[in-house]
Amino acid sequence: LIQEDDELGNSIILMPLVAEQGVLEKPTRPWIHWLLFGLTFLTTTWAGAMHQGVNLLQEPGSFTVGLPYSIGLLLILGVHELGHYFMAKHHKINVTPPFFIPVPFALGTFGAFIQMKSPTENRRSFFDVAVAGPLAGLVIAIPALLIGLQNSQVLPPSAVVADGGQSFMHGTSVGSSMLFALISKAVLGEELQHGYMLQLSSLAFAGWLGLLVTALNLLPIGQLDGGHMARAMFGRRIGETISNVAMWSLFLLAIFVWPGLMLWAIVVFFIAGRG
């Protein structure tokens with residue numbers, strides 16, 4: 001295998017035949033992928049119901065309450081990973097189908113990933129595979145947000161202050177991102193004024209998470225899509241320097257700008273920031 005790099009020249013990759021047969025040609029086990037998907041569907045449905053104040057352990061018959069969130073989020077994550085998958089197949093890279101990660105708390109999942117079992121031939125194909133996922137995910141996240149916002153509630157500042165913010169269970173400030181602000185204004189129009197908050201419907205919350213996950217994934221750090229893109233664009237040495245600077249900048253922003261970012265910084269560091 002010859003791997004091209006505009007910065008470092010060509011690299012010849014030698015691999016023992018045993019390793020090639022054991023890794024590159026190792027068959028996938030579809031049942032594992034479907035099992036993880038099924039478990040993630042259950043945990044996200046449970047999480048979606050909890051966001052609506054329904055505990056499915058006590059009210060299992062009310063599971064439909066959690067479906068808009070579950071289906072919306074799994075579509076966003078699934079299409080994101082399939083973007084990577086089909087672009088990798090286009091470049092004749094050996095990859096696995098998506099692995100979904102179920103968790104029985106919080107959002108119900110830690111996302112999904114595919115495993116690349118063979119190296120890319122050049123930096124262009126590496127970049128294409130990395131960027132395909134976020135673009136594909138946004139194709140689902142933006143329509144989910146557009147549809148979900150129609151069933152969301154606009155809260156004036158006085159309403160949020162009056163109930164101590166309790167009704168703002170899974171909403172966000174409209175100004176939390178430029179894209180979110182533009183989409184919200186396009187859907188709600190004059191109903192949405194400066195300083196107002198949004199109590200998001202389940203589907204809108206899934207779409208908002210899709211924007212957040214895409215933004216985090218585009219950070220030029222480690223094994224995140226943005227990290228792959230940085231190494232593809234600038235080469236391995238510069239890409240790794242960019243990754244280190246971005247990782248520590250994320251922690252500094254969490255300390256000095258927005259404490260809520262610390263959880264995501266820790267997650268990024270342990271899951272993707274060190275590879």
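Figure 1. Helix axes are lines fitted to C-alpha atoms over the stretch in contact, and the angle between two of them runs from 0 to 180 degrees between N-to-C directions. This is a predicted model, where local features need pLDDT of at least 70 and side-chain atom pairs count only at pLDDT 80 or more, while totals for chains, interfaces and linings use all residues. Residues are numbered from 1 along each chain as its sequence is written, and side-chain values use heavy atoms, with hydrogens and water left out. The helices here are DSSP runs (H or I, at least four residues), numbered from the N terminus. Helix H4 (residues 123-149) and helix H7 (residues 202-217) pack at an angle of about 150°, and their axes are 7 Å apart. That makes H4 roughly antiparallel (an angle over 145 degrees) to H7. On the H4 side, the residues in contact (heavy atoms within 4.5 Å) include Pro134, Leu138 and Ala141, and H7 brings, among them, Leu203, Trp208 and Thr214. By class, this contact of H4 with H7 has twelve nonpolar, four polar and no charged residues (Ala, Val, Leu, Ile, Met, Phe, Trp, Tyr, Cys and Pro count as nonpolar, Asp, Glu, Lys and Arg as charged, and the others, Gly among them, as polar).

**Figure 2. H3 against H4.** Here, too, look for an angle of about 150°, with the axes of H3 and H4 7 Å apart. The crossing of H3 and H4 is right-handed (clockwise). From H3, the contact includes Leu75, His80 and Met87, and from H4 it includes Asp128, Pro134 and Ile140. Sorted by class, the contact of H3 with H4 has twelve nonpolar, five polar and one charged residues.

**Figure 3. H4 and helix H8.** Helix H8 (residues 225-234) packs with H4 at an angle of about 155°, and the axes are 8 Å apart. H4 and H8 are therefore roughly antiparallel to each other. H4 passes H8 in a left-handed crossing. The contact of H4 with H8 has nine nonpolar, one polar and three charged residues.

Figure 4. Rolling a probe the size of a water molecule over the atoms shows where empty space is left. On a 1 Å grid over the protein atoms alone, a cavity is a set of points where a 1.4 Å probe fits but cannot get out, and lining residues have an atom within 4 Å of a point. Grid points are joined across faces, edges and corners, and a volume is the space filled by probe spheres set on the points. A search of the whole structure finds one cavity of 30 Å³ or more. The largest cavity has a volume of about 30 Å³, and Ile76, Leu77, His80, Gly210, Val213 and Thr214 line it. H3 and H7 are the elements that give two or more residues to this lining. The lining of the largest cavity has three nonpolar, three polar and no charged residues.

**Figure 5. The second largest pocket.** A pocket is an open set of points with protein on both sides within 12 Å along at least five of seven lines. The second largest pocket has a volume of about 280 Å³. Of its 15 lining residues, Phe37, Gly78, Leu82, Pro98 and Phe100 are the closest to its centre. H3 gives the most to this lining, with eight residues.

Terms used:
Angles under 35 degrees count as roughly parallel, over 145 as roughly antiparallel, 65 to 115 as roughly perpendicular and the rest as oblique.
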